Amino acid sequence: GLTYPDAVMTLAYNRKAEPAPARWGDLLRPELKGRVGLYNHFYMSLYTFACVIADSQGNPGTADTLLRTRTDDLFRFAREHRGQVGLWWPNTTDMMLALADRRVLAGNMHSPEYQQAMREKNDLAAVVPDADRAMVQVFWAIPRGTPRMGLAHAALDLLCSPGVQLEFARRGMATARPDTATAMAAEDPIWKSIYPHTPQQFNDLRYYPYDFYATRWDELIDRWERTVLRAG
């Protein structure tokens, strides 16, 4: 099978937030207290908190290392700053509506759905800081023992072809093809502002730290729900 970059962790905001957030550390600004929206699942928002620490301490680009080596400190930080969060959103629709209604002014979001929201509502905007950019990792996989291996490989070739990749990108997805990314960046400035499209960005492409999460999944879920999501 093939690994594939999907949604990227996006810093979404309403243009009424002044000044406009430009980096993850901006989520700690006093005027955003209680006006931040974060996904209620730890795999994304624990990493967001790591980005906030790294940026606020002048070390952008170190969120992955921080999460792996200072996990206790990171949970303590998330607990101490949970008051910044006014919405733990369970799905993208809830977050987009909250941003549009200005119940929250900034937070993390999945990129594909949010691109469409930005096209429909001028008050919505986003930035994806290059430092600590994290993407969802998905797989196009062929099951072991498939009786039609040739067809399966042909399907992967089709999925990764320039034409199909370009249509995926036009529908809000990232692409693993540098040539498609270059073409799409020239075609669509919103897409260009969010997804990797330069050789350097592809070279620096990173996923959420799934390998680390997998070793401690149950523990991390329990700590997140018990010490961060719960106010008591």
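1. Let me start with the packing around α3: its buried residues pack against α1 (42-56), α2 (63-69), α11 (210-215) and α12 (217-229). Contact here means heavy atoms within 4.5 Å. The elements are DSSP runs numbered from the N terminus, with helices (H or I) of at least four residues and strands (E) of at least two.

2. A word on the source: this is a predicted model, in which local features need pLDDT of at least 70 and side-chain atom pairs count only at pLDDT 80 or more, while totals for chains, interfaces and linings use all residues. Residues are numbered from 1 along each chain as its sequence is written, and side-chain values use heavy atoms, with hydrogens and water left out.

3. On confidence, the protein chain has a mean pLDDT (the predictor's confidence in each residue, from 0 to 100) of 94, and 100% of its residues reach 70 or more. Helix α5 (residues 111-120) has the lowest confidence, at a mean of 91, and strand β2 (residues 36-39) the highest, at 98.

4. Back to α3 (residues 71-80), where T71, L74, F75, F77 and A78 are buried. These buried residues fall within an arc of 160 degrees seen down the axis, so they line one face of the helix. The arc is taken from the directions from the helix axis to the C-beta atoms. Buried means under 20% relative accessible area, exposed over 50%, and partly exposed in between (1.4 Å probe, protein chains only).

5. H197 deserves a look, in the loop between α9 (189-194) and α10 (199-203). H197 is buried, with a relative accessible area of 13%. A polar atom of its side chain lies 3.0 Å from the backbone oxygen of Y195. Leaving aside neighbours within four places in sequence, H197 is in contact with A181, T182, A185, W191, K192 and F202.

6. Some backbone geometry to check by eye. Most residues other than glycine have a negative phi, and most peptide bonds are trans. R102, in the loop between α4 (92-100) and β4 (106-110), has a positive phi near 65 degrees and is partly exposed, with a relative accessible area of 42%. D132 has a positive phi near 70 degrees; D132 sits in the loop between β5 (124-127) and β6 (135-140) and is buried, at 10%.

7. P19 is in the loop between β1 (2-14) and β2.

Technical notes:
Polar contact = N/O pair within 3.5 Å; in protein donor to acceptor, adjacent residues only side chain to side chain.
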